[in-house]
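Visitor: I am new to this structure and would like to learn how to read it. Could you take me through it feature by feature?

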Amino acid sequence: MSPTQHLLSAADLTRDTAIGLLDIAETMAGVNDREIKKLPTLRGKTVVNLFFEDSTRTRISFELAAKRLSADVINFAAKGSSVSKGESLKDTTQTLEAMGADVVVIRHPASGAAYTLANSGWINGAIVNAGDGTHEHPTQALLDAFTIRRRLHGAASVGKALDGVKVAIVGDILHSRVARSNLLLLNTLGAEVHLVAPPTLLPADSSGWQAQIHYNLDAMLNTVKPDAVMMLRVQLERMNAAFFPSEREYARVWGFNADRLRLLGERALLMHPGPMNRGLEISAAAADSPNSTVLEQVANGVSVRMAVLYNLLSGERSIENV
Amino acid sequence: MVARTVLTGDDIDRAVTRIAHEIIESNHGTENLVLLGIPTRGVALSNRIAEVIQRNEPNFLPAEAVGRLDITMYRDDLATNPTRAVTETIEPAQGIDDRVVVLVDDVLYSGRTIRAALDALSDLGRPKFVRLAVLVDRGHRELPIRADFVGKNLPTSREERIQVKLIEVDGENGVVIES
């Protein structure tokens with residue numbers, strides 16, 4: 001793999017690079033556990049969070065990650081900025097470049113926005129894709145892989161991949177960038193991916209996707225016996241057509257409730273990238289069960305993003321074999 | 001390139017034994033003593049020193065008093081050098097607050113590694129004393145840092161390379177100068 005100075009897609013990560021990043025994240029998790037949660041590593045670097053779409057956990061997670069590495073952080077939300085006066089992405093970016101941004105973390109409603117920025121020549125800094133439309137969200141995939149690896153291997157996680165681990169991704173696959181990035185990274189790490197969704201919420205052509213597709217959640221739980229189940233948020237803001245008859249029916253057929261929790265068994269992980277629609281894709285009983293990793297995912301997100309920033313900003317600024 | 005062996009495996013063993021005794025002597029025993037090895041070879045050396053100390057002072061428990069300190073994140077050359085692998089930091093069970101911490105590394109050269117180690121240490125806690133033990137001191141310091149326990153002083157030129165080989169890491173023992 002040729003060194004890249006950006007993190008745009010989970011597909012950019014080779015197996016060795018991905019494992020290397022997860023191992024660095026493991027070290028970062030150690031830092032997040034101690035009393036002085038700060039490293040001087042990125043002193044004098046500037047990280048800009050460029051958010052054209054609402055976000056809570058991803059933005060504060062990147063902000064905290066950058067601050068724990070002693071970088072300066074600028075938060076830019078499109079609302080209340082010159083963008084609402086009609087400034088273009090190009091002008092916004094060039095303004096940030098003129099201010100000396102070393103990393104731009106971008107979230108944008110248009111798929112491919114991060115790629116456009118990285119290949120535009122408008123900016124020299126490294127670009128991190130923090131979610132572009134319905135395309136990708138690579139750091140979410142990294143933190144999910146990290147969470148699975150930690151739950152399965154505990155202290156012996158370092159150096160391990162996810163070979164043979166069965167992961168089911170359930171729900172709104174069609175609109176989910178989390179699902180796309182996870183599919184790519186989980187396959188890279190050797191996991192077996194199952195997609196479970198109503199046909200209306202699957203892409204029209206999924207033949208190129210390296211996954212087994214199921215249309216029945218209970219049947220999948222019974223036959224596959226997954227090690228981890230990833231529930232996706234029903235993206236109400238993207239539901240511009242009749243994808244399912246009613247929310248109540250969706251909750252009954254596709255929601256993770258107490259009955260399905262029993263099918264899951266004690267050791268399996270129940271994951272959700274957040275924010276959760278409680279009572280829709282996940283019931284309160286399931287979300288608060290010991291299987292649930294929702295809060296671990298949030299905590300791990302900081303460690304993983306510290307690893308990504310470290311890798312982009314140290315040395316020859318590249319995600320390469322570590 | 002000419003390679004010259006300056007310390008054999010036996011020489012290293014003798015130096016490690018002497019350093020261990022010097023540490024016990026200067027500390028008047030092993031009370032509050034903590035060894036922290038700096039990866040990669042400092043960790044192997046700290047384990048060897050701990051073994052000798054324990055042979056002489058059975059009250060010294062390496063499991064509680066020996067750790068490792070990864071300093072990668074504290075280096076001052078991160079922006080210019082290729083990305084380095086980060087390894088684990090293991091704090092000894094008894095912690096480092098109010099302890100006598102002996103940092104262990106293989107070669108003392110510019111002093112920048114030790115500067116980084118001191119910064120890393122201050123983020124972990126507040127030791128009573130910090131001492132430095134190295135197998136080889138090759139001179140050419142760039143910072144006001146010196147070692148308390150030295151295996152061998154080796155005057156070198158900057159063009160020469162020193163390679164410390166330890167069986168735990170490299171499969172053989174010896175110190176070689178390449179010029």
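Guide: Let us start with the domains, whose bounds come from an automatic or database domain assignment: the C-alpha centres of domain 1 and domain 2 of chain A lie 25 Å apart. Domain 1 covers 10-136 + 298-313 and domain 2 covers 138-295. This is a predicted model, in which local features need pLDDT of at least 70, side-chain atom pairs count only at pLDDT 80 or more, and totals for chains, interfaces and linings use all residues. Residues are numbered from 1 along each chain as its sequence is written, while chains are lettered from A and ligands numbered from 1 in the order in which they are written.

Visitor: How many residues of domain 1 of chain A are in contact with domain 2 of chain A?

Guide: Two residues are in contact if their C-beta atoms, placed from the backbone, lie within 7 Å. Here 27 residues of domain 1 of chain A are in contact with 24 residues of domain 2 of chain A.

Visitor: Which element supplies the largest share of that side of domain 1 of chain A?

Guide: Helices (H or I, at least four residues) and strands (E, at least two) are DSSP runs, numbered from the N terminus. The largest share, eight residues, comes from α1(A), and α1 (15-33), β4 (126-132) and α11 (294-313) of chain A each supply at least two residues.

Visitor: What does the secondary structure of chain B come to?

Guide: Chain B has five helices and eight strands, which follow the pattern β-α-β-α-α-β-β-α-β-β-β-α-β along the sequence. The C-alpha trace of chain B spans about 45 × 40 × 30 Å along its principal axes.
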